[in-house]
Amino acid sequence: MTRMKQASGMVALAALAFALPVAAHAQSTGYGSGMGSAGSGMGGDSASDATSGKSDRASRRGAKGQTKGQGGKRIDIAPYIEVDQIVTAELSPGSDVLTYTQVAVGVDASIQGRNNGASASVRYQRQFGWGKKAGDGDVISGLVRGYTTIAPGVTLEAGALASQVNVENGGSALAAGPLSGNGKSTVYSVYAGPSVTQRIGDLDVGANYRAGFTKVEQSNASRDLQTGAAADVFDKSVVQSADVQAGFAPGTVLPVGVGVGGSFYQEDISNLDQRARDMQARAMVTVPVSRTVQVVGAIGYEDLEISSRDAVRDADGAPVIGSDGRYVTDKSSPREMAYDVSGLIWDAAVMWRPSRRTSLSAHIGRRYGSTSFGGTLAYAPSDRSQFNVAVYDNVSGFGGQVNRALDQLPDDFEVVRDPITGELRGCVASLEGGNCLSSVLGSVRSSTFRARGVAANYSMKFGRLSAGIGAGYDRRKYIAAQNTVLASANGVLDENWWLVAYIGGDLGRDAGWSANVYANWVSSNDPLTGDVAGYGASASYYKMFAPRLRGTLAIGIDGAKNDTPSIDDLWTASALAGLRYTF
């Protein structure tokens with residue numbers, strides 16, 4: 001990957017010792033493997049016909065949708081309009097059969113050049129129900145990620161997300177299904193910031209800054225489906241992070257590399273004015289062990305604080321819930337400390353890179369007041385396959401996790417969508433080593449948390465087929481002040497296991513197929529929150545009737561299981577027939 005945000009020489013290695021919040025992807029180590037955040041996941045060339053730009057590229061053969069400019073720049077822009085007829089049959093607990101007409105407009109785009117890169121998939125759709133039980137509604141969904149070079153060594157990066165989830169009681173979130181309707185909640189997130197890498201003589205210098213905003217917008221129907229625990233659902237937050245590092249590579253001024261660095265991270269969450277602030281400074285030494293192995297040792301100081309205010313109380317002392325279904329913050333109440341850790345931090349990392357196709361790193365140390373460990377593995381057996389594993393550990397709120405995941409997306413990707421609902425399925429496909437958002441969207445509690453987990457993915461392309469699989473585990477331990485209404489959330493553990501997979505390919509020049517599956521298992525030790533699970537599978541076939549006109553047939557099944565006796569399991573089967581015209 002040719003993005004200039006990665007520091008060169010010793011700085012790139014030294015920064016690994018204490019990976020930086022957001023900018024350095026929170027305790028990620030490795031040779032720029034592209035993994036290491038809670039958002040890591042599946043990658044590979046997209047095979048989803050209703051979702052990736054693959055079928056649209058086929059529809060533009062002989063058209064002007066794709067151009068190639070100077071310097072090998074590739075510009076691929078595909079605006080489209082789509083009309084679909086959908087039938088959804090409720091298998092459990094009821095037996096209703098609902099019919100919808102769906103009209104959508106969208107654009108899939110990719111711009112790749114020497115100094116710029118961006119990918120985007122944005123879609124707006126309006127659904128019209130046939131009959132009293134089939135409701136109307138509209139949805140916007142999309143994913144954008146890119147960078148541009150402002151000057152030599154200076155880049156500006158940005159990303160954005162809009163995705164729908166079903167929020168269960170207690171903040172657990174599952175993928176939105178065909179019968180979600182107005183019960184969906186929408187996650188919006190955006191971030192941007194500059195990165196600088198320079199070499200001054202033998203001194204390598206790197207710095208970056210990121211600002212992000214995340215919002216969870218709940219519909220009235222979504223809030224009505226939950227109990228009082230819904231007041232802990234995340235509202236919005238602003239994230240800021242900055243880091244700077246400077247150092248000399250081994251063999252320049254000394255046989256070993258030496259460097260210093262510092263970082264700042266702050267997330268301000270609107271729910272009860274929560275604030276997470278983490279500042280650190282460190283010194284690092286890099287020791288070359290062999291041509292392929294280096295050891296990095298670091299020691300420094302960290303100051304981490306998490307605080308919030310209490311909710312407004314009524315005459316009986318009960319917390320007041322506002323019209324948005326969330327607790328009303330008492331701005332006059334004192335700020336209560338939930339977590340306050342400062343002192344010595346250290347880290348030891350081993351990095352191994354035997355070839356350009358393989359890199360492995362692992363680190364262990366002390367951070368956040370306890371032992372912290374992580375690592376990454378990136379292995380590309382060929383130019384048509386990629387395998388990645390990441391182990392991560394970080395502290396943030398929901399918004400910070402989403403911003404981290406966006407920041408780690410590759411610049412050249414295709415989005416995988418559900419062929420019936422058009423919703424994002426949480427993954428992007430890219431042989432650069434793509435990512436999934438499945439783990440970061442598994443819970444939308446408002447409380448700050450410490451996240452630990454692992455994510456793995458494998459993607460490949462062979463002949464006319466492309467396929468990928470990703471799986472992961474995310475564990476969140478929530479942190480809340482004792483003297484506030486969120487005190488009951490302190491120490492709560494949420495665990496999210498997730499799995500995604502796809503396969504598909506072309507059937508000649510004018511047809512193709514795809515299939516994908518997903519699953520999420522979310523559990524919690526919160527007595528007010530039941531364990532939930534979501535499952536889904538779909539298959540689709542497309543046929544080009546003209547250079548720009550495509551017809552699609554798709555079928556799918558989706559299910560949501562809840563261990564709460566009062567909540568029935570929901571299973572649906574759906575079918576779609578549609579036409580898309582690509583301009």
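**Figure 1. Ring cluster of Trp521, Tyr535 and Trp571 in the predicted model.** Trp521, Tyr535 and Trp571 are joined into a cluster by ring pairs. Rings of Phe, Tyr and Trp (its six-membered ring) are paired if their centres lie within 6.5 Å; planes under 30 degrees apart are stacked, those over 60 are edge-to-face, and the rest are tilted. The structure holds seven aromatic pairs. The model is predicted, with local features requiring pLDDT of at least 70 and side-chain atom pairs counted only at pLDDT 80 or more, whereas totals for chains, interfaces and linings use all residues. Residues are numbered from 1 along each chain as its sequence is written, and side-chain values use heavy atoms, with hydrogens and water left out.

Figure 2. Strands (E, at least two residues) and helices (H or I, at least four) are DSSP runs numbered from the N terminus. Trp497 has a relative accessible area of 35% and is therefore partly exposed; buried denotes under 20%, exposed over 50%, and partly exposed the range in between (1.4 Å probe, protein chains only). Tyr581 and Phe583 form an edge-to-face pair, 5.2 Å centre to centre with 80° between the planes. Tyr581 is partly exposed at 35%, as is Phe583 at 48%.

Figure 3. Arg404 lies over the face of Tyr265, at 5.2 Å from the ring centre. The charged end of Arg445 sits over the ring of Tyr478, 5.3 Å from its centre. A charge sits over a ring if NZ of Lys or CZ of Arg is within 6 Å of the ring centre and within 35 degrees of the ring normal. Helix α4 (residues 398-408) is mostly covered, with 11 of its 11 residues buried; Arg404 is among them.

Figure 4. On a 1 Å grid over the protein atoms alone, a cavity is a set of points where a 1.4 Å probe fits but cannot get out, and lining residues have an atom within 4 Å of a point. Grid points are joined across faces, edges and corners, and a volume is the space filled by probe spheres set on the points. Nine cavities of 30 Å³ or more are found in the whole structure. Strands β6 (154-167), β7 (173-175), β19 (424-429) and β23 (511-524) each supply at least two lining residues.

**Figure 5. The second largest cavity.** This cavity holds about 50 Å³ of space. Of its 10 lining residues, Val416, Arg425, Val500, Asn516 and Val517 lie nearest the centre. Strands β19, β22 and β23 each supply at least two residues of the lining.

Figure 6. Ser540 is found in strand β24 (residues 532-546) and is buried, with a relative accessible area of 5%. Its side chain is joined to that of Ser514 by a polar contact of 2.9 Å. A polar contact is a pair of N or O atoms within 3.5 Å; within protein, one must be able to donate a hydrogen and the other to accept it, and residues adjacent in sequence count only if both atoms are side-chain atoms. The C-alpha atoms of Ser540 and Asn516 are separated by 9.3 Å, the two residues being 24 residues apart along the chain.

Note on methods
On a 1 Å grid over the protein atoms alone, a cavity is a set of points where a 1.4 Å probe fits but cannot get out, and a pocket is an open set with protein on both sides within 12 Å along at least five of seven lines; lining residues have an atom within 4 Å of a point.
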